[in-house]
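Keep the viewer open and a selection tool at hand. Each stop below says what to select and what is there.

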Amino acid sequence: MSTTQRTRRSVDELLAEARADLDRIGPAEAAAVRAAGGLLVDIRYAALRERDGTIPGALIVERNELEWRLDPSCDHRLPEAAHHDLPVVVVCNEGYASSFAAVSLRQLGLARATDLVGGFQAWRAAGLPVEPPASP
């Protein structure tokens, strides 16, 4: 049996493994993190933000740039990514990709990174503020 065959896992297995190390939070808790000075980071792609709107005050960082923008030791980091103890809540559309992204941030040393259960859709369903999409 090859190494690839022994280590092959399904995406559901990988997701469960990622989530086992996260203290995932709901919309109200995510709003409290933001209110206390933590970061909400929206990793949804532009078409979803244009369709559904955005969370006021959330940083928009598309997934393919996330690690470079939030690593406090990186020259390409955002000013808000000032230290490794920063609480970060990653938001995707429905709470799947954000789990993998939060684990990646933890691997960079952002020990307080987590994600929003249910993503942007759960935030909106909870009646929390949403900035509507810009009109064309």
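Is the crossing of helix 2 and helix 6 left-handed or right-handed? It is left-handed. Bear in mind throughout that this is a predicted model.

**Stop 1: the helix pair**

Select helix 2, residues 11-20, and helix 6, residues 97-107. Their axes come within 9 Å and cross at roughly 50°. An angle of roughly 50° falls in neither the parallel range, under 35 degrees, nor the perpendicular one, 65 to 115, and helix 2 and helix 6 are therefore oblique to each other.

Next, show the side chains of Val 11, Leu 14 and Phe 100, which make a nonpolar surface patch of about 240 Å². Leu 14 belongs to helix 2. With a relative accessible area of 31%, Leu 14 is partly exposed.

**Stop 2: a buried ion pair**

Turn to the salt bridges; the structure holds nine. Begin with Arg 44 and Asp 42, whose side chains meet in a salt bridge with an N to O distance of 2.7 Å. Are these two residues buried or exposed? Arg 44 has 2% relative accessibility and counts as buried. Asp 42 is buried as well, at 0%. Both values can be read against the cut-off for burial, which is under 20% relative accessible area.

**Stop 3: from helix 4 to a loop**

Select Arg 49 and Glu 62. A salt bridge joins Arg 49 to Glu 62, with the closest N and O atoms 3.5 Å apart. The pair links distant parts of the chain, 13 residues apart: Arg 49 sits in helix 4 (residues 46-52), and Glu 62 in the loop between strand 2 (59-60) and helix 5 (66-70). Arg 49 is buried, at a relative accessible area of 15%, whereas Glu 62 is partly exposed, at 31%.

**Stop 4: a salt-bridge network**

Now select Arg 51, Asp 52 and Arg 124, which are linked in a network of salt bridges. Within it, Asp 52 pairs with Arg 51, and the closest N and O atoms are 2.8 Å apart. How do the two partners stand towards solvent, and which of them is buried? Asp 52 is buried, with a relative accessible area of 8%. Arg 51 is exposed, with a relative accessible area of 52%.

**Stop 5**

Move on to Gly 57, in the loop between helix 4 and strand 2. Gly 57 counts as exposed, at 68% relative accessibility.

**Stop 5: strand 3**

Select Val 91, found in strand 3 (residues 88-91). Val 91 is buried, with a relative accessible area of 1%.

**Stop 6: the segment after helix 7**

Finish past helix 7 (119-125), where Ala 126 is found in the segment that follows. Ala 126 is partly exposed, with a relative accessible area of 48%. Draw a distance from Ala 126 to Leu 66: the two C-alpha atoms are separated by 26 Å, and the residues are 60 apart along the chain.

Glu 131 also lies in the segment after helix 7. At 40% relative accessibility, Glu 131 counts as partly exposed. From Glu 131 to Ala 97 the C-alpha to C-alpha distance is 22 Å, and the sequence separation is 34 residues.

Definitions and conventions. Residues are numbered from 1 along each chain as its sequence is written. This is a predicted model: local features need pLDDT of at least 70, side-chain atom pairs count only at pLDDT 80 or more; totals for chains, interfaces and linings use all residues. Side-chain values use heavy atoms; hydrogens and water are left out. A salt bridge is a side-chain nitrogen of Lys or Arg within 4 Å of a carboxyl oxygen of Asp or Glu. Buried means under 20% relative accessible area, exposed over 50%, partly exposed in between (1.4 Å probe, protein chains only). Helices (H or I, at least four residues) and strands (E, at least two) are DSSP runs, numbered from the N terminus. Patches are made of residues with over 30% relative accessible area and no salt bridge: like charges are joined within 9 Å, nonpolar side chains (Val, Leu, Ile, Met, Phe, Trp, Tyr) within 5 Å. Accessible areas come from the Shrake-Rupley method with a 1.4 Å probe; for residues, only the protein chains shown count as cover. Axes are lines fitted to C-alpha atoms, for helices over the stretch in contact, and angles run from 0 to 180 degrees between N-to-C directions. Angles under 35 degrees count as roughly parallel, over 145 as roughly antiparallel, 65 to 115 as roughly perpendicular and the rest as oblique. A crossing is left-handed if the near helix is turned anticlockwise from the far one by less than a right angle, and right-handed if clockwise.
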